Amino acid sequence: MSVPLSGTSALWVLVLGSLLGLELIGKVPPTLHTPLMSGANAISGITLLAALALIGEAPTPALKLIGAVALGFALFNVVGGFLVTDRMLAMFRRREAN
Amino acid sequence: MVELSIELGSVLLLAFGLKGLAKIRTARTANGLAALAIGLAVVGLLLQQGLGGWPWMLLGLAVGGGLGAVLALRVAMTSMPETVALFNGCGGMSSLLVAIGAVQLPTPLNLVGQVSVLVSVLVGAITFSGSLVAMGKLQEWLGTPGWTLRPQRHAVNILLAVACLVCCVLVLKGMAVALIPLTVLSLLLGVGLTLPVGGADMPVVISLLNSYSGVAAAAAGFVVGSELLIVAGAMVGAAGLILTQVMCTAMNRSLTSVLFGGALGAGSSDAGDGAGGREEYTNVTSCSPEECALTLEAAERVIFVPGYGLAVAQAQHSLKELARLLEQHGIEVRYAIHPVAGRMPGHMNVLLAEADVPYDQLVEMDDINPDFPRTDVVIVLGANDVVNPRAKSDPASPLYGMPVLEVDQARTVFVVKRSLGSGYAGIRNDLFELPQTSMVFGDAKQVLQSLLQELRSIGVGKVAVGSGSAR
């Protein structure tokens, strides 16, 4: 947050990131649709970085509170998402071992 | 320098994590890598900005992280789709709040920042309310109200969208107050877009909303000036789109028909759910678990077709027990898994894995369809639309073209079902009226338990043990 991005370089980042995302997921076996969706969903909770930045910059307690609530929502998504994905995938592993 | 390398490492880990999640063997490690990446990113950010405001951070961590962990560890595997929807909605809410907070910071935003705030609010709000509606529909707290299926709903949604755009323009002209109506209108738009979608299509919508929450995160990245957040958000947004497309293909639906076509078979289903006689089946034969057990005992090849009803009844463990008993009797047992069995693609695999069903007995649709004609007994447990022969024969049916399990080819079919109510998509099932089909009415778990009892009472288990020791 300390260094403001120039608009164009941020757009480059956006475009290249999208292309990367398109390439990363190719053929997905149906078995994994649910866990993959759940895992990708957990990653999207990375917006918690923005919430942390907001708390850091906020001059008033009210604004810090908004940041804290935003952080709470994001962490709910991240922590819950990764744990639940792991629970699902742990079952697949056990089955493979059989 | 340290912060930069941490950020780059985090992006790399995220990319590998996302890639690994798409393969069975690497998926669990990949999930851990992605989680590690987010942890790293947090460390990097805190190194950069310091620990100012740490009590607030701890508060968010304790409440949000705590609730998330509790829910994730407690929730039943059957309610996975709605859980993902809930998590996803909260991610959207977070982006929305960050954007609203960022506007009130003393440092003024440039044009890119302002546009990003708008995107973040709009997409974040749609993700939040849309995901909650999706969750409500999957939990069956919400139905599909009749008025949402009229063509006018498009007009309402377009009106809402236009109003949102007007608010956006006002904000850009300096009226920050317009963010409030923008938030409200976007929330309504999320509801308006999701409410008409039928329950059977909901997983696709959740996947799409998942993609949206990535977009919202990327927008929040622009707002606070974090490249890492932009990359990660864009990656998830794009990957979510691909996954949505893959899921649509598996269900033989196009994304536009899912989003704008309304609920499948909506015309016949707005009368309400549950009542048995509504569909007016005429030629249905029903039978008791005893008769079913006798037929099973004489069979050589048996295929189970599990559906969501099995999961709701928590009957996967009884099913496994029955399968083991039949195998001891020398009967070949397999499970036919439709790609969208359960309520989300791959959901049934997760549920059966939970009951320790061996992987090699789960056979995917394309591999098992040719085997139905030489199968003696098929038992359909709480599945409906995925075994409807009309999907092949009736071009007028909303299911037409969806690949189905061809159980009507088998010699005998038992359908275990609570009542003759229509399927999730609300469509009549011709399978129930075929001469080789018998309905076994009852809760899947109770039926399986009485089947087990009957089989044991005619000595199925004992015979196998006896002959086993004789060998």
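**Entry 1: helix 3 of chain B**

I checked the length of helix 3 of chain B, residues 54-74: at 1.5 Å a residue its 21 residues should span 30 Å, and the end C-alpha atoms lie 29 Å apart, which agrees. The expected span is 1.5 Å times one less than the number of residues. Helices are DSSP runs of H or I with at least four residues, strands are runs of E with at least two, and both are numbered from the N terminus.

I note that this is a predicted model, in which local features need pLDDT of at least 70, side-chain atom pairs count only at pLDDT 80 or more, and totals for chains, interfaces and linings use all residues. Residues are numbered from 1 along each chain as its sequence is written, while chains are lettered from A and ligands numbered from 1 in the order in which they are written.

I then listed the buried residues of helix 3 of chain B: Trp56(B), Met57(B), Gly60(B), Gly64(B), Gly65(B), Gly68(B) and Ala72(B). Seen down the axis of helix 3 of chain B, these buried residues fall within an arc of 110°, so they line one face of the helix; the arc is that of the directions from the helix axis to the C-beta atoms. A residue is buried if 20 or more other C-beta atoms lie within 10 Å of its own, exposed if 12 or fewer, and partly exposed in between, with C-beta atoms placed from the backbone. On the face turned away from the buried side of helix 3 of chain B I found the exposed residues Pro55(B), Leu58(B), Ala62(B), Leu73(B) and Arg74(B).

**Entry 2: chain B as a whole**

I recorded 19 helices and 6 strands for chain B. The C-alpha trace of chain B spans about 80 × 55 × 35 Å along its principal axes. Of the 471 residues of chain B, 54% count as buried.

**Entry 3: the side of chain B that touches chain A**

I looked up the contacts between the chains: 100 residues of chain B are in contact with 81 residues of chain A, a contact being two C-beta atoms, placed from the backbone, within 7 Å. Helix 9 of chain B gives the largest share of the side that touches chain A, 19 residues. The residues of this side of chain B divide into 66 nonpolar, 30 polar and 4 charged.

Leu14(A) is buried, with 21 other C-beta atoms within 10 Å. Not counting residues up to four places away in sequence, Leu14(A) touches Ala218(B), Ile230(B) and Ala234(B).

Just after helix 14 of chain B, Gly330(B) takes a positive phi of about 90°.

I found strand 1 (residues 301-306) and strand 2 (residues 332-337) of chain B paired in the parallel sense over 4 bridges; strands pair if DSSP finds at least two bridges between them. The bridge partner of Arg301(B) is Glu332(B) in strand 2 of chain B. Strand 2 of chain B also runs parallel to strand 3 (residues 362-364) of chain B, joined by 3 bridges. In strand 3 of chain B, Val363(B) is the bridge partner of Ala336(B).

Definitions and conventions
Nonpolar A, V, L, I, M, F, W, Y, C, P; charged D, E, K, R; others polar.
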